[in-house]
Amino acid sequence: GINAEYMGAPVAHQILGCEFADCTSATNGSFVLGKSSPDAFLTESDLTWVHSFDFAAWMLAYGIQNEARYRTATFDPTQLSRGFFVHLIEDQISHHTNGYLPAAVEPMLMLEYHVDALMYMNNTRFDLHVFSNDGLVFYTAALNNYASAINKTLNISLGKIRGLVDEYQDGLKSELKLFHLDNYKEGMVKGDTCHYTTFDQAFEHLQLSLLWGHAATVSWLAMADSGVAPAASAAAIVKYVD
């Protein structure tokens, strides 16, 4: 079965991130890490607010303003923050009531697992990225500074952040060993919200949802690069699935 630490289709988020960044470079590796890591905070009840557009918009501004302070040869705070934001946009599309993985559907986690297995078994663009200490230092600073800005008591340590990320990635490592045993074709048909009866139909449904997510991401990146406020541009992209 699925490990308790497994959440949020991390393989899918990372592979889709590689459509927008060269995952082999240090800078773009930060984008991919940012894109695949927001769900690591959902296992901690006091940090579920991290998985939000409010925090993502704040962290992006913080990363840009403090890039010289946190950027190193192996880490780019702005790219991590952009990747984090794009993860939330993909979630907004995929977990919409019209999306492929509507949040109200009980077996959503299992269907996410099948999609991850599909992508892992049929794609060469996945390599388990590991956070550098620089990335963890930035996350810790961003979380504590945001909490302070909204008058929230947090004082989370670097060790705590490292523990959450390590736990998340350990769960993923365990799942990677099991993906080849997963009957994802049967699982995707069984879990399909449109009640299709063949894998080809279920796969076409997934592809449609991925196209919506890709269009929304392209739109958001263009708006963000042109100076549109991140939160406002995020609100605008829901049109791709409404």
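Which helix gives the largest share of the lining of the largest pocket? That's H10, with eight residues. The close-ups below come from a predicted model.

**View 1. The largest pocket and its lining helices.** Here we're looking into about 340 Å³ of space. There are 25 lining residues, and Ala12, Leu16, Glu90, Ser94 and Leu210 sit nearest the centre. Sorted by class, the lining comes out as 12 nonpolar, nine polar and four charged residues.

**View 2. The second largest pocket, with H10 again in the lining.** This one has a volume of about 190 Å³. Twelve residues line the second largest pocket, and Met119, Asn123, Phe203, Gln207 and Leu210 are the closest to its centre. The class tally is seven nonpolar, three polar and two charged.

**View 3. Helix H5, largely enclosed by the rest of the structure.** H5 covers residues 77-94 and runs 26 Å from its first C-alpha to its last, close to the 26 Å expected for its 18 residues. Of those 18, 17 are buried, so the rest of the structure largely wraps around H5.

**View 4. Asp76 capping the N-terminal end of H5.** Asp76 sits in the loop between H4 (67-70) and H5, and counts as buried at 3% relative accessibility. One of its side-chain oxygens lies 3.0 Å from the backbone nitrogen of Thr78. The Asp76 side chain also reaches the backbone nitrogen of Gln79 at 3.1 Å, and makes a polar contact with the side chain of Arg71 at 3.3 Å.

Definitions and conventions: Residues numbered from 1 in each chain as written. Predicted model: local features only at pLDDT ≥ 70, side-chain atom pairs only at ≥ 80, totals over all residues. Heavy atoms only, no water. Helix = DSSP H or I, 4+ residues; strand = E, 2+ residues; numbered from the N terminus. Expected span 1.5 Å × (residues − 1). Buried < 20%, exposed > 50% of the residue type's maximum accessible area, 1.4 Å probe, protein only. Polar contact = N/O pair within 3.5 Å; in protein donor to acceptor, adjacent residues only side chain to side chain. 1 Å grid on protein atoms, 1.4 Å probe; cavity = no way out; pocket = protein on both sides within 12 Å on 5 of 7 lines; lining within 4 Å. Points joined across faces, edges and corners; volume = space filled by probe spheres on them. Nonpolar A, V, L, I, M, F, W, Y, C, P; charged D, E, K, R; others polar.
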